[in-house]
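Open the model in your viewer and keep the sequence panel beside it. This tour tells you what to select at each stop and what is there.

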Amino acid sequence: MKWDKPITTEQEYEKALKRLSSIFDSNPDSSEGMEAELLVTLIDKYEKEHYPIALPEPITAIKEAMEMKGLKDKDLIPAIGSKTTVSLVLNRKRALTIDMIRNLHELLGLPVEVLIQPYELNGKQKMVK
């Protein structure tokens, strides 16, 4: 099947996945290779619209980034402030500030969109200051 329109139904999506699977390793300059490239784009668009992935919660994302980079709480002092402030933030007793978000973005490489989300703070939904 040649793809000449966006994927709009689950049935089309399944067919597109199956077709992509069969032509995935085609030469990029061949007609099947070009079809594979088109299918990747169409499948990606369909998945973003129908299967969105939620952003991780800010504190969880910080802790996961720290683990992946082998960092300890003390390594966040330049980004967040004192050892006490780092502890308060990581234990959800103090909200992230805009400056902390900027610094964490630089230090950990986390997207700002992740860090600016509201999150639970002492059982209450909090916004970034």
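Start by selecting Thr 85. Leaving aside neighbours within four places in sequence, Thr 85 is in contact with Ile 80, Arg 94 and Met 100. Keep in mind throughout that this is a predicted model. Thr 85 is found in helix H5. Is Thr 85 buried or exposed? Its relative accessible area is 11%, and buried means under 20%, so Thr 85 counts as buried.

**The whole chain**

How many helices and strands does the chain have? There are seven helices and two strands. Read from the N terminus, the order of elements is α-α-α-α-α-α-α-β-β. The radius of gyration is 21 Å, well over the 14 Å that the globule rule gives for 129 residues, so the chain is more spread out than a compact globule. Turn the model along its principal axes, and the C-alpha trace spans about 60 × 30 × 20 Å.

Next, colour the chain by domain. The domain assignment gives domain 1 as residues 10–51 and domain 2 as residues 58–116. How far apart are the C-alpha centres of domain 1 and domain 2? They lie 38 Å apart.

If you colour by burial instead, buried residues make up 31% of the 129 residues. For contacts between residues at least 6 apart in sequence, 57% join residues at least 24 apart.

**The largest nonpolar core**

Select Ile 62, Leu 76, Ile 80, Leu 96, Leu 104, Leu 108 and Leu 110. The largest nonpolar core has 22 residues, and these touch the most other members. The elements that give two or more residues to this core are helix H3 (58–69), helix H4 (77–80), helix H5 (83–90), helix H6 (98–108), helix H7 (112–115) and strand S1 (119–121). Which element gives the largest share of this core? That is H3, with five residues. Apart from this core lies another, of eleven residues, among them Ile 7, Ala 16, Leu 39 and Tyr 46.

Leu 76 is placed in the loop between H3 and H4. Its relative accessibility is 0%, so Leu 76 counts as buried. Not counting residues up to four places away in sequence, which residues does Leu 76 touch? The answer is Ile 62, Met 66, Gly 81, Val 86, Leu 90, Leu 104, Leu 107 and Leu 108. Then pick the C-alpha atoms of Leu 76 and Asn 103: the two residues are 27 residues apart along the chain, and these atoms are separated by 9.2 Å.

The structure holds three aromatic pairs. Begin with Tyr 13 and Tyr 46. Their ring centres are 4.8 Å apart and their planes are at 25°, so the pair is stacked. Tyr 13 lies in helix H1 and Tyr 46 in helix H2, so the pair ties together parts that are 33 residues apart in sequence. Both Tyr 13 and Tyr 46 are buried.

Tyr 46 and Tyr 51 form an edge-to-face aromatic pair, 6.4 Å centre to centre with 65° between the planes. Tyr 46 is buried, with a relative accessible area of 3%, whereas Tyr 51 is partly exposed, with a relative accessible area of 39%. Ring pairs link Tyr 13, Tyr 46 and Tyr 51 into a cluster.

**Two loop stops**

Select Ser 26. Where is Ser 26 placed? Ser 26 sits in the loop between helix H1 (10–23) and helix H2 (31–50). The side chain of Ser 26 reaches the backbone oxygen of Ile 23 at 2.8 Å. Not counting residues up to four places away in sequence, Ser 26 touches Glu 32 and Gly 33.

For the last stop, select Arg 92, in the loop between H5 and H6. What is the phi of Arg 92? The phi is positive, about 60°, although Arg 92 is not a glycine. At 25% relative accessibility, Arg 92 counts as partly exposed.

Methods. Residues are numbered from 1 along each chain as its sequence is written. This is a predicted model: local features need pLDDT of at least 70, side-chain atom pairs count only at pLDDT 80 or more; totals for chains, interfaces and linings use all residues. Side-chain values use heavy atoms; hydrogens and water are left out. Helices (H or I, at least four residues) and strands (E, at least two) are DSSP runs, numbered from the N terminus. A polar contact is a pair of N or O atoms within 3.5 Å; within protein, one must be able to donate a hydrogen and the other to accept it, and residues adjacent in sequence count only if both atoms are side-chain atoms. Contact means heavy atoms within 4.5 Å. A nonpolar core is a set of buried Ala, Val, Leu, Ile, Met, Phe, Trp, Tyr and Cys residues joined through side-chain atoms within 4.5 Å. Buried means under 20% relative accessible area, exposed over 50%, partly exposed in between (1.4 Å probe, protein chains only). Domain bounds come from an automatic or database domain assignment. Rings of Phe, Tyr and Trp (its six-membered ring) pair if their centres lie within 6.5 Å; planes under 30 degrees apart count as stacked, over 60 as edge-to-face and the rest as tilted. The radius of gyration is taken over C-alpha atoms; the globule rule is 2.2 Å times the number of residues to the power 0.38.
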